[in-house]
Amino acid sequence: MSDKRNDDAFSPNGSKEQYEAERERFIPSSSGQSSARRGAASLGLGDSFSKIDNNPMVSVIAYCLASISMTVVNKYVVSGSGWNMTFLYLAIQNVVCIAAIMAGKSLGMITNLAPFDIEKAKRWFPVSLLLAGMIYTTGKALQFLSVPVFTIFKNLTIVVIAYGEVLWFGGRVTPIVLLSFGLMVFSSIVAAWADVQAAMGGATTESNKAMSTLNAGYAWMFANVICTSAFALSMRKVIKKMNFKDWDTMFYNNALTIPVLIVGSLLLEDWSSENLARNFPAESRNSLFLGMIYSGFGAIFISYCTAWCVRCTSSTTYSMVGALNKLPLAISGLIFFDAPVTFGSVSAILIGTVSGLVYAWGKIQQSEAAKMSLPTSNRTVVSASSKSNNDAANS
């Protein structure tokens, strides 16, 4: 009787089985509670990742690390005594980059990469040739120049591109931007002067050898400025009619330069066992190959971090970060590669950093002025840049 009373007390309808069934609908079982806990943990992990993914400071740090590490690794690979396999290095770099892109597409991580189009490849190939020239001269300039000097002289590319846009795309150079150009040129002169003073400080034989290295480095740097400017300007003109997205541009650039680099290596570089052993000595062979592989992933990393930084901050902040990033980039060369620390070299780094900040400020003001400008009539004004892009699209 007591059992019956207990059953009636537990069950609203007097049936314990029915009550238990109803109870299980509202009170989860132990397995259900475990699933809920796992779901909550996954949600917490997702929230943590989302916070990181949308954190402006993390995106800025990632961009700076990507940029600095790429330059440092490139300098490390080409700094060996007697290094002369730059074409091979760049071919390996591009193969790794293409392999990573294709793997990302196969895994569903890259969804906006269009199928390969042979007609687009033919039209893009001249741009890829300029890219091959740019990355080759970059490697050669880094081989002969220190990272701080390379970073400072790289600013001159901005000057050439700006005036190329004035000539071919109807661009405009404001007084502030012009001031930044003057500072960039001045910082390059100071850096060259400091380099020459450091080279002339040793014995006669060592001084002659150091000056010969500097002359070769400056020649390659001049060629790099020309190739980089030509690549940037031609890509701006061609990319509009190709309707490329970011991954398309990276894919075609790397895929089309691989044959050029391989042919260049086979024809112009020494593939004898002695030369290979000199370029890849046993004591540093593994680290060199790791550096080459990293540089391929680094190209993708920089591209992603650039987009990430702009998304989490703004194009204004990104411009300032790019300008300020030259300071730690130059300092990394002083730390990792024992570049001479002199009054001239430090002054050149500081002037180059200030010139980048002034340039970023000038471009921000120019952009704000363009947003504030209002049309004075109903007539559509077509700039030289727009006309050039329209002509390209209709050709």
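1. Glutamate 165 and arginine 236 are joined by a salt bridge, with their closest N and O atoms 3.1 Å apart. The pair connects distant parts of the chain, since glutamate 165 belongs to helix 8 (residues 156–169) and arginine 236 to helix 10, 71 residues apart. Glutamate 165 is partly exposed, as its relative accessible area is 23%; arginine 236, at 28% relative accessibility, also counts as partly exposed. The model under discussion is a predicted one.

2. The count of salt bridges comes to two. In the other pair, the side chains of lysine 122 and glutamate 119 meet at 3.9 Å, N to O. Both of these residues lie in helix 6, three residues apart, which is about one turn of the helix. Lysine 122 has 56% relative accessibility and therefore counts as exposed, whereas glutamate 119, at 46%, counts as partly exposed. The cut-off that separates the two classes is 50%, as exposed means over 50% relative accessible area.

3. The second largest pocket has a volume of about 470 Å³. It is lined by 17 residues, of which Phe144, Leu145, Ser146, Thr213 and Leu214 are the closest to its centre. Helix 6 (118–144), helix 9 (175–199) and helix 10 (204–242) are the elements that each give two or more residues to this lining. The largest share, four residues, comes from helix 10. By class, the lining of this pocket comprises nine nonpolar, four polar and four charged residues.

4. A search of the whole structure finds two cavities of 30 Å³ or more. The largest cavity has a volume of about 90 Å³. Its lining consists of Ser146, Pro148, Val149, Ile152, Ala194, Asp195, Leu334, Ala339, Pro340, Thr342 and Ser345. The elements that give two or more residues to this lining are helix 7 (147–154) and helix 9. Helix 7 contributes the most, with three residues. Seven residues of the lining are nonpolar, three are polar and one is charged.

5. Pro148, Thr151, Ile152, Asn155, Lys326, Ala330, Ile349, Gly352 and Thr353 form its lining. Two or more residues come from each of helix 7, helix 15 (326–336) and helix 16 (343–372). The lining of the second largest cavity divides by class into four nonpolar, four polar and one charged.

6. Methionine 200 is situated in the loop between helix 9 and helix 10. With 51% relative accessibility, methionine 200 counts as exposed. Methionine 200 and methionine 211 are eleven residues apart in sequence, and their C-alpha atoms are 7.6 Å apart in space.

Terms used:
Residues numbered from 1 in each chain as written. Predicted model: local features only at pLDDT ≥ 70, side-chain atom pairs only at ≥ 80, totals over all residues. Heavy atoms only, no water. 1 Å grid on protein atoms, 1.4 Å probe; cavity = no way out; pocket = protein on both sides within 12 Å on 5 of 7 lines; lining within 4 Å. Points joined across faces, edges and corners; volume = space filled by probe spheres on them. Nonpolar A, V, L, I, M, F, W, Y, C, P; charged D, E, K, R; others polar. Buried < 20%, exposed > 50% of the residue type's maximum accessible area, 1.4 Å probe, protein only. Salt bridge = Lys/Arg side-chain N within 4 Å of Asp/Glu carboxyl O.
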